[in-house]
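Hello,

Here is the structure for you to look at. Please open it first, then read my notes below.

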Amino acid sequence: MENLHPEAFHPADHIQDLQYFGEFGGVNPSISDSSTYTFLSAKTMFDTFEGNAEGCYLYSRHSSPMNLYLGQALAAMEGTTGANVTASGMGAITSVLLQLCASGDQIVSSRTIYGGTYAFMKNVLPKWQIQTHFVDITKLDVVEAAITPQTKILYCETVSNPLLEVADIQGLALLAKKYNLKLVVDNTFSPLQVAPAQWGADVVIHSLTKFINGSSDTVGGVICSSQEFINDLRNVNDGACMLLGPTMDSLRSASILKNLRTLHIRMKQHSHNALYLATRFEEDGLKVVYPGLQSHPSHALFTRQMNSEYGYGGMMTLDVGTLDRANALMELMQHNNLGYLAVSLGFYKTLFSAPGTSTSSEIPLDEQHEMGLTDGLIRFSIGLDNDIERTYQKMSDCMRQLGIL
Ligand SMILES: *Cc1c(COP(=O)(O)O)cnc(C)c1O
């Protein structure tokens, strides 16, 4: 295959180069606290409705100054010409799917995806006669075989939830081009580390709720793509973001933008800590899945696709054999203040959950087993612990107490 390796891509520098001032010279941009905007002339209001008045605001469900700032920063991070922030990750995903598909269309999707996305494709989209074929996304021949003349979208997560499978974005983008499909990639698990649009993805989505905001105090989402597609999403006549209404509040986009400014530091620490724990636990003979380990089936692929300065990310899984042991270990680790038994990810503190009975419980049991999602699997989002060696010692103590080590 032709090597399309992009120029070295430094997303954190692109974010750093953006400079915004507040109305009174503040070091942070002013928050626009308005749902609607005045016009000096009626003609300009008409032009704005028609989408022809650059720089004019109309109504905050369409756009607002702070949401545009945050969108601009996230577009810079992904290297796309446009972005639109949304009230949640699901708000971004559902808007994109409904914008791109009409009745009778089909989607080819990875089968290991976020439970909410899976449930939407499986249970809601068929109400509009939109069918999804779920495939093993790591096998390009299987993906290609599932494409039909009705297929409009190839859908995957860069690093999948919860099994940490890595998608070959370049390979999928070539397939998307060949069959004239849109490649939509959920990049929530790997911000900064992989820039899917640089490898040919048409639309890149994030749940901002996770690493990007990083403080587990809000939900949020973003769609990064060409400015043309962003304009389509905001179109007052048929734009999914405009008409379904998944609008982020300005106060929230202001706080997320401030947190985004430290994302590169946090990602490096998440990656450092996760690699340390994954390496030690693997040496101890435990069943660990982490893309930074040589033993990971997609280690080479991740290495080729990554912006190496940010590491292999903060997500790791450990299979301790049975659900009872997984539950006992999580409760004991929480009791010892090593993290929280909670869903979600990207927090300063380590979070852990058993995906089979929580975030992936939307997926029927037989399908969970088929995709390798076992009962004893614990998903870890490794935190920003200052001394990860100390954390390792304490976690090992918990495992010894339960006979896991
Ligand atoms: C959390 C998550 C979502 C959904 O995002 P919300 O902000 O909770 O709506 C989508 N995809 C992935 C990979 C996620 O982890």
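Valine 108 has histidine 133 as its bridge partner in strand 3. Strand 2 (residues 106-110) and strand 3 pair in the parallel sense over five bridges. Two strands count as paired if DSSP finds at least two bridges between them. Strands (E, at least two residues) and helices (H or I, at least four) are DSSP runs, numbered from the N terminus.

A note on the source: this is a predicted model, where local features need pLDDT of at least 70, side-chain atom pairs count only at pLDDT 80 or more, and totals for chains, interfaces and linings use all residues. Residues are numbered from 1 along each chain as its sequence is written, and side-chain values use heavy atoms, with hydrogens and water left out.

Seven strands form an open sheet with mixed pairing, in the order 1-7-6-5-4-2-3. Strand 1 (82-86) and strand 3 (131-135) stand at the edges with a single partner strand each, so one side of each has no neighbour in the sheet.

Next, strand 9 (residues 315-319). Five of its five residues are buried, meaning under 20% relative accessible area (1.4 Å probe, protein chains only). Met315, Thr317 and Asp319 point one way from strand 9, and Met316 and Leu318 the other way.

Which strands pair with strand 9? Strand 8 (residues 287-289) does, in the antiparallel sense over three bridges. There, valine 289 has threonine 317 as its bridge partner. Strand 12 (residues 377-381) also pairs with strand 9 in the antiparallel sense, over five bridges. Aspartate 319 stands opposite leucine 377 in strand 12.

Best wishes

Key: Buried means under 20% relative accessible area, exposed over 50%, partly exposed in between (1.4 Å probe, protein chains only).
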